[in-house]
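The following report describes selected packing features of a protein model. The sequence and structure are shown first.

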Amino acid sequence: MGMAAGHEREAIRPNITGSFRDLLHASTRHPGMLFYLDNHLSMGERSSAGVYSGRGLNENLARELMELHTLGVDQGYNQDDVRNLAKMLTGWTFSRNGEPAPGQFFFRDTYHEPGVKTLMGQDYPDQGEAEAAQALDRLAQAPATARRVAFKLARHFIADEPPPALVAQLTGVFQDTAGDLTPQAHTLVDHPASWEPKLQKAKSHQEYVVGVARLAGGALPVATLLEVMENFGQAPFMAPSPAGWPEVSAAWIAPDSAMRRARFALAMADQAADRLDVPALIAETMDGFAPATTLQALRDAASPQEALALAFASPTMQRR
Amino acid sequence: MLSRRTILKAGSSMAAMAMAGAPSFAWANGDTDRRFVMVILRGAADGLALVPAIGDPNYAPQRGKLAEQNPIPLDTTFGLNPGLAELEPLWRDGQLAVIHATHTSHRARSHFDAQNMLESGLNKPSSITDGWMNRAIGYFGQPKINLGLAAGHQLPLILSGPAPVTVWAPRLLHNPELAFLQKLEAMSAVDPQIRAALAEGAADDARQRSMLGDMEASRAGVGRYGLNLQLAAATGRLLAADDGARFASFDLGGWDTHGSQTIVLSYLLPNLAKSLLALKDNLGPAWAKTVVLVVSEFGRTVAPNGTDGTDHGEAGVALVLGGAVKGGQVISDWPGLATAQLYEQRDLRPTTDIRTAFKSVMVGHLGIDEAFVEAKVFPGTPDIRPLDGLVRA
């Protein structure tokens, strides 16, 4: 968990308005990623450390780099490419205790597989640390990567099934700007689909729990919040696979989790209603935004506590 | 996306169902008394670790330091990992079978694509939103009680689709009063997807609480492995009930053993065995009418990798348990472990499509018409025949 949080804070957030290439480099070089996908353990079979120890390659990072972080599965690479990218990545690790700057990126050349590597039809001479960097540059500008990033941005920010024209537009902008992410954001904000009043996305459980907890005034101990999110099946920074959390509403709006949201809304309202000005809070957060029937139901509630619980559990609060 | 169930439920009164509290239906679930459970080992479990091929002359040299030192012999070729020792009595009683060198038709060593195919039952990865277990449930028409049960925090693809399915996971907070749920349901009418989910969730919750009794009250879920046992035990209890589900699935994770595999498995395997026994114990007499399939999306490399683990491979192993299983046998067209016999000279060669076992359970155990299985459950797979001799008729 700690390493995933560090990865988000140190690799993703500082690069979110820069180029996708820089984001990819920062993400791949981050110790959290190198550890999570086992690259710190991978060594070339013909590297000096590999020959000495009898250990060898670990393909995990190479495969997910192409399948999940850039091209997408079945987008022009095969098993040989996975192995060869793994060879190019050997030596990309972090310093250990007793070495300078422990825990920081470190190229361990004794792990690096010597020789020429062929990646998707192109030869890369032996250049140590620079090989994987060149591979990342190539992956970052591949057309399949442009399409994949565009689709994922549109699905995350606009709708589960985003307008194909928007995805095509984002793809074109990505290619025209060499993967600059700021024009991606501008394109998303400028698109009419961003301004439709209908809430098209379901909040993830984490978004929902944090949103309600914020409105309730943050009186919940962090440990309790964590337990709640775990019970919702979404402990922070603990995505079940390298593919991350699902994006579509069917994953977040389901019978069992609907009941969990209702229970959580009630529990939060129970402990927050007495110290909050409930009508003012509802006016501030829901007036002019929630449907008239929702606002009427909140006015008709039997008590401020029930009004707050209904507001927390309302469809308006469950979507974004 | 609206499932058929949510459309059905949208017009029904959640209040009536929740008010019953502990509904005791006068009729049992007449469609079938057979039970079927899929346990998915997510992350690609190493089949050669679970069921080592100790009698293959190439086993020890190929496995190197991962060669099992103290296997429990099953037959002249295969053994059971000692971490699964608690399952050995089931083998002796003829209630545990093994299918080895089994696989999906996936060949790209991607967890996500392979799980997609394992659960969709199709020949290729796809964005299909229904799973083959759900389509099989469709054979039983529109029963009054959900035949499908997913134990865990999410509904997996294998059980997703038009047929109604219940999700169960341990509860953390107090349940709302009925009056609150009624108001919330009315307020949610503006959002049919949320309203339907809430109505269904309230009904499911009331029914499950009546079946689980003391188990629901005792929050045994302490940590990941405790949760596994709780999911397995609750699945058994919910399937055992006369008016309970008949098809269930739950996941056990952590099998992507890229490093320090022996240490990781020394925790996972006993937990797997205990979970399966918890399932059996809670099924009670219904165990006699049960088939449990334990599968993973693919296997792992035969040789250790550089980090005392194994990387993504091809064929793996499936365990088949239950009173309705013809146990005590390892079913395998064994491909051998010599380097030339391996798939791409690194992985156990796939020889038995796992869908042969799925079809065998569908037809031989659950009594689903074979034509329905071919047309609806596993379309486009005429060459994959049901595995002979896996289940008791």
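How are helix 15 of chain A and helix 8 of chain B oriented to each other? In this predicted model, the axes of helix 15 (residues 292-299) of chain A and helix 8 (residues 178-187) of chain B cross at roughly 155° and come within 9 Å. Angles over 145 degrees count as roughly antiparallel, and the two helices are therefore roughly antiparallel to each other.

| Helix | Residues in the contact |
|---|---|
| Helix 15 of chain A | T293(A), T294(A), A297(A) |
| Helix 8 of chain B | K183(B), A186(B), M187(B) |

By class, the contact of helix 15 of chain A with helix 8 of chain B comprises 3 nonpolar, 2 polar and 1 charged residues.

Chain B contains 14 helices and 11 strands. Among its 393 residues, 57% count as buried. Of the contacts in chain B with a separation of 6 or more, 74% are between residues 24 or more positions apart.

In soluble globular proteins, nonpolar side chains tend to be buried together. The largest nonpolar core here has 156 residues, of which V212(A) and V320(B) touch the most other members. Helix 13 (residues 255-272) of chain A gives the most to this core, namely 10 residues. Leaving aside residues up to four places away in sequence, V320(B) touches A97(B), I99(B), V291(B), L293(B), V325(B), A357(B) and L390(B). Another core, of 39 residues, lies apart from the largest one and includes L34(A), W92(A), L166(A) and L188(A).

Key:
Residues numbered from 1 in each chain as written. Chains lettered and ligands numbered in written order. Predicted model: local features only at pLDDT ≥ 70, side-chain atom pairs only at ≥ 80, totals over all residues. Axes fitted to C-alpha atoms, helices over the stretch in contact; angles between N-to-C directions. Helix = DSSP H or I, 4+ residues; strand = E, 2+ residues; numbered from the N terminus. Parallel < 35°, antiparallel > 145°, perpendicular 65-115°, else oblique. Contact = placed C-beta atoms within 7 Å. Nonpolar A, V, L, I, M, F, W, Y, C, P; charged D, E, K, R; others polar. Buried ≥ 20, exposed ≤ 12 C-beta atoms within 10 Å, placed from the backbone. Core = buried A, V, L, I, M, F, W, Y, C linked by C-beta atoms within 7 Å.
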